[in-house]
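Please walk me through this protein structure. I am new to it and would like a plain account of the fold, the surface and some of the contacts between side chains.

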Amino acid sequence: MNSHLFPHIGKVIASTGSRHFPRMLHDLIQTQLAVDATHIRQMRVEPVGRATHSSQAESGKDSSLLAETVFCEHIAARPSEPTAAQPAASADASQLHLTRRKDGYRYVISVYRNDQSQRFSAQEKSLLQDISPLLLPMVEKHIHALQPAQVDDEDNLHDSDRSQAGLESLRQRFGERLQQLDLSLSNRETEVCIGLLAGHTAPELAEQLQLKVNTVESYLKRAAIKLGISGRHSLMRWMYSPEDATHTNTAA
């Protein structure tokens, strides 16, 4: 994974459950390939014996429960824009679709180019597939974060509350990774790691935690030793490595 993705990944994670999430996800995808629109949705599906491949076309029978679309600033919504009811199946190479099936639901990320003549190349398809194990779980967590708000009263939640919910989701995921690998960090080491994963810089964390920058860096070094990693970039890989991988297998 390219290191230039990490700040974008942190912003997406921190925006989980907020109205900013689709835009942050769209911007992250654009670091890999040019797209004019990004569409995410959740669908309820009937149980089947075998899960579909992430690039396989969707069934028109899927029932969409939630859908969000973000367009590039220079693209206006058109009658042909992607909708929740639109099947992903298409021979048009100006569209790409990723899917993840879990617990009776299917999570879909679709990217579109406005000009159908601008077909996605095989290399671009491969680039999107490479980051699909990162993107699709993000969408799933975002949709799950939205659901309690919809039951209560989504309009009563401010963006700051949503941002906090995103950080709490990140904190929970980080705690799960530590527990999975039977590791423990101090409170300060944990806060520094979570802050870096959320896209903050060391100076920003120093200001938030009322510490010196070199103190923040010291906490990161201590955490890195305990996690068996080399620094911020490998922290991101450690966080989102396969669940059966150990911290000793994380490359520097």
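The paragraphs below go from the whole chain to single residues.

This is a predicted model, in which local features need pLDDT of at least 70 and side-chain atom pairs count only at pLDDT 80 or more, while totals for chains, interfaces and linings use all residues. Residues are numbered from 1 along each chain as its sequence is written, and side-chain values use heavy atoms, with hydrogens and water left out.

The protein chain has 8 helices and 4 strands. Helices (H or I, at least four residues) and strands (E, at least two) are DSSP runs, numbered from the N terminus. Read from that end, the order of elements is α-α-β-β-β-β-α-α-α-α-α-α.

The protein chain has 252 residues, and 44% of them count as buried. Here buried means under 20% relative accessible area, exposed means over 50%, and partly exposed lies in between (1.4 Å probe, protein chains only). Among contacts (heavy atoms within 4.5 Å) between residues at least 6 apart in sequence, 67% join residues at least 24 apart.

Gln 30 belongs to helix H2, which covers residues 21-30. Gln 30 counts as partly exposed because its relative accessibility is 33%. Apart from neighbours within four places in sequence, Gln 30 is in contact with Val 35 and Cys 72. A polar atom of the Gln 30 side chain lies 2.9 Å from the backbone oxygen of Val 35. Leu 128 is 98 residues from Gln 30 along the chain, and their C-alpha atoms are separated by 10.0 Å.

Charged side chains come next. Side chains of opposite charge can pair when their charged atoms come close. How many salt bridges does the structure hold? There are 5, a salt bridge being a side-chain nitrogen of Lys or Arg within 4 Å of a carboxyl oxygen of Asp or Glu.

One of them joins Glu 124 to Arg 113, with 2.6 Å between the closest N and O atoms. Glu 124 is in helix H3 (residues 122-152), and Arg 113, 11 residues away, is in the loop between strand S4 (105-112) and H3. Both residues, Glu 124 and Arg 113, are buried.

Another salt bridge is formed by Arg 171 and Glu 191, whose closest N and O atoms are 2.5 Å apart. This pair links helix H4 (residues 159-180), which holds Arg 171, to helix H5 (residues 187-197), which holds Glu 191, across 20 residues. Arg 171 is partly exposed because its relative accessibility is 27%, and Glu 191 is partly exposed because its value is 29%.

Glu 189 and Lys 226 also meet through their side chains, at 2.9 Å from N to O. Glu 189 is in helix H5 and Lys 226 in helix H7 (residues 213-227), 37 residues apart. Glu 189 is buried, with a relative accessible area of 3%, whereas Lys 226 is partly exposed, at 37%. Salt bridges also link Arg 100, Lys 102 and Glu 140 in a network.

The last topic is a charge over a ring. Arg 177 lies over the face of Trp 238, 5.2 Å from the ring centre. A charge sits over a ring if NZ of Lys or CZ of Arg is within 6 Å of the ring centre and within 35 degrees of the ring normal.

How values were computed:
Polar contact = N/O pair within 3.5 Å; in protein donor to acceptor, adjacent residues only side chain to side chain.
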